[in-house]
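Here's a quick briefing to read with the model open beside you. Take a look at the fold, then work through the points below.

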Amino acid sequence: MRVRVHEDPAAAAAEAAEVLARRLADRPEAVLGLATGGTMEPLYEDLIGRYKRGDLSFAKATTFNLDEYVGLAPDHPQSYRRYMEEHLFRHVDIDPARTHVPRGDLPPEEAAEAYETDLARLGPVDVQLLGLGRNGHIGFNEPTSSLASRTREKALTASTLRANSRFFGEGETQPTTAITMGIATIMEARHILVLAVGAKKAEAVVNMIEGPVAAMCPASILQHHPSVMVILDTEAACLLK
Ligand code: F6R
């Protein structure tokens with residue numbers, strides 16, 4: 001694992017954007033694995049800026065997102081498809097037909113199988129972007145997830161539901177399960193790029209990098225991947241030895 005620590009979250013997001021932009025410049029038809037969440041918003045803003053300045057094109061790229069809430073249709077305001085449209089896709093030249101997000105409105109088994117079929121046909125993913133849950137989850141592979149898991153429906157833990165409740169307004173029902181790429185699915189990416197910022201991620205960061213490889217910290221499996229870059233700010237890195 002290569003670990004890079006920046007003074008502030010903005011610099012960390014900018015470096016992660018630089019890594020993705022460089023990959024896309026080298027290989028315009030790259031398959032990018034994408035993530036949602038608060039951490040990724042400045043990174044996507046940075047990529048949009050590069051596109052608007054004429055420095056970057058997504059025209060030939062293919063994308064696969066990690067996860068989607070079960071029960072939410074693609075146009076639901078809290079769906080991860082909608083997040084991607086609002087934070088990246090509608091602002092750049094990506095071909096919508098080449099963007100993939102698991103379908104939360106289909107029977108989960110069907111949606112998961114279709115996703116694995118698409119990944120097998122169009123993959124492997126060149127660079128998989130990952131955020132990190134406070135409990136060490138990657139995608140929505142919560143602690144105790146099998147390290148051999150494939151795309152499937154997964155129940156969200158109380159801590160993840162609490163952390164993500166901030167995105168749901170009053171009267172909006174927060175789904176309790178999600179379809180997520182499995183840990184083994186994620187590990188098939190050629191390169192992995194983890195972005196984590198803030199003190200709330202510090203414990204998960206140290207468990208991911210220095211802890212034993214264990215299902216209680218799903219991100220720790222990344223120690224077995226041959227090409228992982230972890231980009232942090234000083235707060236997220238504060239417990240590292
Ligand atoms: C989202 C995802 C999650 C998030 C993680 C961190 O697609 O896969 O693993 O990356 O929950 O979320 P934030 O960035 O909101 O702290």
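Leaving out neighbours within four places in sequence, A17 is in contact with L43, D46 and L47 (contact: C-beta atoms, placed from the backbone, within 7 Å). Bear in mind that this is a predicted model, where local features need pLDDT of at least 70, side-chain atom pairs count only at pLDDT 80 or more, and totals for chains, interfaces and linings use all residues. Residue numbers start from 1 along each chain as its sequence is written.

**Confidence**
- The chain averages a pLDDT of 97, and 100% of the residues score at least 70 (pLDDT is the predictor's confidence in each residue, from 0 to 100).
- For the complex, the predictor gives an ipTM of 0.99 and a pTM of 0.97.

**Around A17**
- A17 sits in helix α1 (helices are DSSP runs of H or I, at least four residues, and strands are runs of E, at least two, numbered from the N terminus).
- Why does A17 count as buried? Because A17 has 23 C-beta neighbours inside 10 Å (buried means 20 or more other C-beta atoms within 10 Å of the residue's own, exposed 12 or fewer, partly exposed in between, with C-beta atoms placed from the backbone).
- A17 and M40 are 23 residues apart along the chain, and their C-alpha atoms are separated by 9.5 Å.

- Not counting residues up to four places away in sequence, V205 touches several residues, among them L132, A196 and L232.
- In helix α7 (residues 202-210), the buried residues include V205, M208 and I209.
- The buried residues of α7 pack against β1 (2-6), β9 (191-196) and β10 (228-233).

**The sheet**
- Seven strands form an open sheet with parallel pairing, in the order β1-β10-β9-β6-β2-β3-β5 (two strands pair if DSSP finds at least two bridges between them).
- At the edges are β1 and β5 (99-100), each pairing on one side only.
- Strand β3 (residues 62-65) pairs with β5 over 2 bridges, and F64 has H100 as its bridge partner in β5.

**The ligand**
- Of the 14 residues around the ligand, T36, G37, G38, T39 and G131 come nearest (near: C-beta atom, placed from the backbone, within 6 Å).

How values were computed. Contact = placed C-beta atoms within 7 Å.
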